[in-house]
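Dear colleague,

I am handing over the structure below, followed by an account of what was found in it. Please read the notes with the coordinates open beside you.

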Amino acid sequence: MAERLSNREGIKGMANPTRYGIERFAYWVQRLTGLGLLAYLIGHIYETSTIVNGKIAWNQMLELTQTPQGHILLTLVIGMCVFHTANGIRVMLGHGGIGVGKPGQPEYPYKAASLNYKQRLCIWVSIALAALAMMYGASVLFGD
Amino acid sequence: MAVVAAKPSEEPKSNTKITGQTNTITLRISRSNPSEGQESTFAEFQVPVQKWTTVLEAILYVKQNFDHSVAVRYSCRQASCGSCGMKINGRPALACYTKVSELNSNVVTVEPMNNFPIIRDLAVDFKQLISNHKKMKPFIIREDSEVTPESKEFIQTPQDLEKFLQFSYCIKCGLCNSACPTMATDESFIGPQGLAQAYRYVADNRDKGKDERLKVIDDSHGIWRCHFAGSCSHVCPKGVDPAMAIQLLRGYMLGFRK
Ligand code: HEM
Ligand code: SF4
Ligand code: FES
């Protein structure tokens, strides 16, 4: 049957983090932060490459980035980086079959063992670490 | 019947609580016939329900009393055949296994499952699911699998059995595939249902067909497309936990697990 009639959810459905629990939310944030970090990396290479144009160009770029908006952006990057790394380690271990529970006899109400408290705890710890790092980063960036 | 006016404090907090008495809900059924070019619209029906009324029973009430043309697939009415998967108030679930009372809402909306072609109304096409399931070679592969008068049974310990038992409970309802974020965008993805079944046989120590199966799933639209978002396991009505099966299988393929 034509894909047009397939009722496939598409990107909107893929990117909807509000259903299916915190694991789906973490999946969504991992993608978003991955793309955010990629954008930052490209921007960062552009920013630092101004040094080949000499000291004046470099200093002009620094003036541009060392503004309150620049600091907010960097704080966000810190948060994205910490969440992506911490949650990324959870995801990589999970992909290797580590920490996803043990098969057994399913019992009503059939709670899935792979959606266990260790997984949820790791997601919350990733969020907490990101928040802490952002607070510390912001205090360094904005404090004088 | 004597009616005793309830004191305000005794009134139910919301009108969504469904007690032993009959309550009336609004059942919104998505009607569509895409192959005839008919876009989806919602038909609304007032349906009496009791504490134990299932969503499937509410739909059948509509068919019996208001509009028998509503297309819905069901058979066992006891979460065994895997026919009645649909989106109930936005989430994939079995209509026969979901009580109206557990939805805590006086409005129940039923739609066809996502990521499957719609045949009509609530009935979706399982061709892709079944063909992907078959690609997993869902049977024990070994030279001597034909039982002859001389052959003995294949002995398995309870521990051997536990390695695959839960995955063999799959009823092919497709709820996992409709919740999966990869399935939402990749039309060639095998899907959690098929991948979990591949592991069901890989983990069975009577089976000798691992290599054949692994060749099928070691594909760019195969197991590596899983991001472990866990949504499949969230909606599975049988405790199969496809997300676990997929990660264990990937761990096996990567050499982290035996
Ligand atoms: C130690 C650091 C990092 C770790 C442990 C890590 C881990 C991961 C993992 C496990 C995934 C796959 C998630 C999934 O399967 O859904 C992923 C996705 C991704 N990462 Fe990273 N990553 C790191 C750093 C970075 C950096 C620095 C960038 C950007 C330059 C980046 C960009 C991405 C992108 C674009 C994706 C794709 C998102 C997706 O497909 O869901 N990552 N990362
Ligand atoms: S794994 Fe669960 S949700 Fe998926 S088809 Fe089988 S029974 Fe249905
Ligand atoms: S009718 Fe068989 S699973 Fe619902």
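Which residues does A:Gln30 touch, not counting residues up to four places away in sequence? Before the answer, please keep in mind that this is a predicted model, and that the values below are computed from it.

A:Gln30, which belongs to helix 2 (residues 21-49) of chain A, touches A:Phe83, A:His84, A:Asn87 and A:Gly88 once residues up to four places away in sequence are set aside. With a relative accessible area of 17%, A:Gln30 counts as buried, because the cut-off for that term is under 20%.

**Ligand 2**

Around ligand 2 there are 13 residues, of which B:Cys170, B:Cys173, B:Gly174, B:Cys176 and B:Cys236 come nearest. Sorted by class, this shell holds 9 nonpolar, 2 polar and 2 charged residues.

**Strands of chain B**

In chain B, strand 1 (residues 23-33) runs parallel to strand 5 (residues 107-111), the two being joined by 4 bridges, and within strand 5 it is B:Val108 that stands opposite B:Leu27. Strand 5 of chain B also pairs with strand 3 (residues 85-88) of chain B, here in the antiparallel sense and over 2 bridges, with B:Glu111 of strand 5 as the bridge partner of B:Lys87.

B:Ser30, located in strand 1 of chain B, is buried, its relative accessible area being 3%. Leaving out residues up to four places away in sequence, B:Ser30 touches B:Ser40, B:Thr41, B:Phe42, B:Val110, B:Glu111, B:Pro112, B:Asp121 and B:Leu122.

**The nonpolar core**

The largest nonpolar core comprises 38 residues, and B:Leu27, B:Ile59 and B:Val110 are those with the most contacts inside it. Two or more residues are given to this core by each of the following elements of chain B: strand 1, strand 2 (38-49), helix 1 (55-65), strand 3, strand 4 (91-94), strand 5 and helix 4 (175-179). Helix 1 of chain B gives the most, with 6 residues.

With kind regards

How values were computed
Residues numbered from 1 in each chain as written. Chains lettered and ligands numbered in written order. Predicted model: local features only at pLDDT ≥ 70, side-chain atom pairs only at ≥ 80, totals over all residues. Heavy atoms only, no water. Buried < 20%, exposed > 50% of the residue type's maximum accessible area, 1.4 Å probe, protein only. Contact = heavy atoms within 4.5 Å. Near = heavy atom within 4 Å. Nonpolar A, V, L, I, M, F, W, Y, C, P; charged D, E, K, R; others polar. Pairing = 2+ DSSP bridges. Core = buried A, V, L, I, M, F, W, Y, C linked by side-chain atoms within 4.5 Å.
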